[in-house]
Amino acid sequence: MSLLEDPMHPGEVLKELYLDPLGLRAIELARHLGVPRTRIERLVRGVNRMTPDTALRLACAFNTTPAYWMNMQTNHDMAMASKKIDLSEIGSLVAA
């Protein structure tokens, strides 16, 4: 059983909430951020993970926080892990 719903990958959020409404292509954003175009292209496709470096740059460009971007990645990672990891044999431990 999945503990979390399937949150969007941060690259999907970047595309749908930022790039598309602004009419920006990944290569244009990459130039603006001073990063290789492949970093943004792969992030948008969900191939690469959000990194702290990219989160800092996106936060500056879009007036958000780095935590906004990194939390999306963490939530996505936890949802994917919860689908793959069998926790059924692990019981609760309670301090006395």
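**Close-up views of a predicted model**

View 1. Arg37 and Glu41 sit four residues apart in helix α3 (residues 37-44), about one turn of the helix. The two residues form a salt bridge in this predicted model. Their closest N and O atoms are 2.6 Å apart. Arg37 is partly exposed, at 41% relative accessible area. Glu41 is partly exposed too, at 24%. Side chains of opposite charge can pair when their charged atoms come close.

**View 2. Lys83 reaches Asp6 across the sequence.** A salt bridge joins Lys83 and Asp6, with 2.7 Å between the closest N and O atoms. Lys83 belongs to helix α5 and Asp6 to the segment before α1, so the pair ties together parts that are 77 residues apart in sequence. How accessible is Lys83? Its relative accessibility is 48%, which counts as partly exposed.

View 3. The side chains of Lys15 and Asp20 meet in a salt bridge, 3.0 Å from N to O. Lys15 has a relative accessible area of 34% and is partly exposed. Asp20 is partly exposed at 42%. Elsewhere, salt bridges link Arg39, Asp53 and Arg57 in a network. How many salt bridges does the model hold? The count comes to seven.

**View 4. Helices α2 and α4 cross.** Helix α2 covers residues 26-33, and helix α4 covers residues 52-62. The two pack at an angle of about 95°, and their axes are 10 Å apart. Angles of 65 to 115 degrees count as roughly perpendicular, and α2 and α4 are therefore roughly perpendicular to each other. Which residues make the contact? From α2 come Leu29, His32 and Leu33. They meet Arg57, Leu58, Ala61 and Phe62 of α4. Arg57 also takes part in the salt-bridge network with Arg39 and Asp53.

**View 5. Pro7 and its contacts.** Pro7 lies in the segment before α1 (10-22). Which residues touch Pro7, once neighbours within four places in sequence are left aside? They are Asn75, His76 and Ala79. Pro7 is partly exposed, at 27% relative accessibility. Gly34 is 27 residues from Pro7 in sequence. In space, the two C-alpha atoms are 28 Å apart.

**View 6. Asn63 has a positive phi.** Asn63 is found in the loop between α4 and α5. Its phi is near 55°, a positive value in a residue other than glycine. Most residues other than glycine have a negative phi. Is Asn63 buried or exposed? Asn63 is exposed, with 73% relative accessible area.

**View 7. Ile85, Leu87 and Ile90 form a nonpolar surface patch.** The patch has an area of about 300 Å². Ile90, one of its members, is located in the segment after α5 (66-84). Is Ile90 buried or exposed? Its relative accessible area is 61%, so Ile90 is exposed.

Definitions and conventions. Residues are numbered from 1 along each chain as its sequence is written. This is a predicted model: local features need pLDDT of at least 70, side-chain atom pairs count only at pLDDT 80 or more; totals for chains, interfaces and linings use all residues. Side-chain values use heavy atoms; hydrogens and water are left out. Patches are made of residues with over 30% relative accessible area and no salt bridge: like charges are joined within 9 Å, nonpolar side chains (Val, Leu, Ile, Met, Phe, Trp, Tyr) within 5 Å. Accessible areas come from the Shrake-Rupley method with a 1.4 Å probe; for residues, only the protein chains shown count as cover. A salt bridge is a side-chain nitrogen of Lys or Arg within 4 Å of a carboxyl oxygen of Asp or Glu. Buried means under 20% relative accessible area, exposed over 50%, partly exposed in between (1.4 Å probe, protein chains only). Axes are lines fitted to C-alpha atoms, for helices over the stretch in contact, and angles run from 0 to 180 degrees between N-to-C directions. Angles under 35 degrees count as roughly parallel, over 145 as roughly antiparallel, 65 to 115 as roughly perpendicular and the rest as oblique. Contact means heavy atoms within 4.5 Å.
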